[in-house]
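I opened my notebook to look up how the parts of this chain pack together. My entries follow.

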Amino acid sequence: MVKLWRCEICGDPYIGETPPNNCPFCGAHGKYIKEAKDLNVNFNVELNEKDKANAEHALKVEISNAAFYFCAAEKTDDPEGKLLFKALGKVEAEHASIWKKILKLDSIPKGSESCFVRNRENLEDSHARETRAIDFYRRAQAESANERVKQIFGALVEVETDHLHLSEERLK
Ligand SMILES: [Fe+2]
Ligand SMILES: [Fe+2]
Ligand SMILES: [Zn+2]
């Protein structure tokens with residue numbers, strides 16, 4: 001019997017017999033996936049100045065990373081790399097949409113980034129981008145006093161760490 005599941009981080013729904021190990025949209029870990037009927041997902045958060053500035057920076061980071069990954073998916077010279085960067089681009093675009101909801105924006109500004117033909121250079125750039133994202137999200141999590149904001153930053157530290165492992169594996 002299929003059920004309707006929902007991710008507590010991005011709020012997106014998923015139909016399946018069992019809950020996915022990771023959210024198929026934002027990559028959040030399984031602990032954030034619950035049956036939709038049991039879950040209340042809140043994007044209506046009162047942001048203090050620091051949280052707002054961090055959320056705005058997070059949106060920029062995710063837009064930039066999504067644009068980079070979609071560029072790399074087009075250009076890279078490795079077939080598996082194309083798939084990896086496409087998957088990463090979709091996840092980062094979903095992260096941008098989390099911040100769009102938190103910031104109550106109507107739309108997400110379009111990003112534009114350059115990327116490489118050589119797969120290894122794209123992997124190196126990915127590694128640097130994910131490292132910066134993890135450091136920033138970890139700091140933003142520590143700086144926030146809001147439980148929901150802390151939860152999202154913390155969940156994204158885990159997801160970006162998963163992304164870091166993907167490039168680490170391939171750069172060995
Ligand atoms: Fe992200
Ligand atoms: Fe990432
Ligand atoms: Zn999600």
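At what angle do the axes of helix H1 and helix H2 cross? I looked it up: H1 (residues 49-75) and H2 (residues 79-102) cross at roughly 160 degrees, and their axes come within 8 Å. Helices here are DSSP runs (H or I, at least four residues), numbered from the N terminus. Axes are lines fitted to C-alpha atoms over the stretch in contact, and angles run from 0 to 180 degrees between N-to-C directions. That makes H1 roughly antiparallel to H2 (the term covers angles over 145 degrees).

I noted the sources. This is a predicted model: local features need pLDDT of at least 70, side-chain atom pairs count only at pLDDT 80 or more, and totals for chains, interfaces and linings use all residues. Residues are numbered from 1 along each chain as its sequence is written, while chains are lettered from A and ligands numbered from 1 in the order in which they are written.

Next, I listed the contact of H1 with H2. Among its residues are Ala55, Leu59 and Phe70 of H1 and Phe85, Leu88 and Trp99 of H2 (in contact: C-beta atoms, placed from the backbone, within 7 Å). By class, I found 15 nonpolar, three polar and five charged residues. Nonpolar means Ala, Val, Leu, Ile, Met, Phe, Trp, Tyr, Cys and Pro; charged means Asp, Glu, Lys and Arg; the others, Gly among them, are polar.

Then I turned to H3 (residues 119-143). H1 and H3 pack at about 165 degrees, with axes 11 Å apart. That makes H1 roughly antiparallel to H3. Their contact includes Val61 and Phe68 of H1 and Ala133 and Phe136 of H3. It divides into seven nonpolar, four polar and four charged residues.

Conventions. Helices (H or I, at least four residues) and strands (E, at least two) are DSSP runs, numbered from the N terminus. Angles under 35 degrees count as roughly parallel, over 145 as roughly antiparallel, 65 to 115 as roughly perpendicular and the rest as oblique. Two residues are in contact if their C-beta atoms, placed from the backbone, lie within 7 Å.
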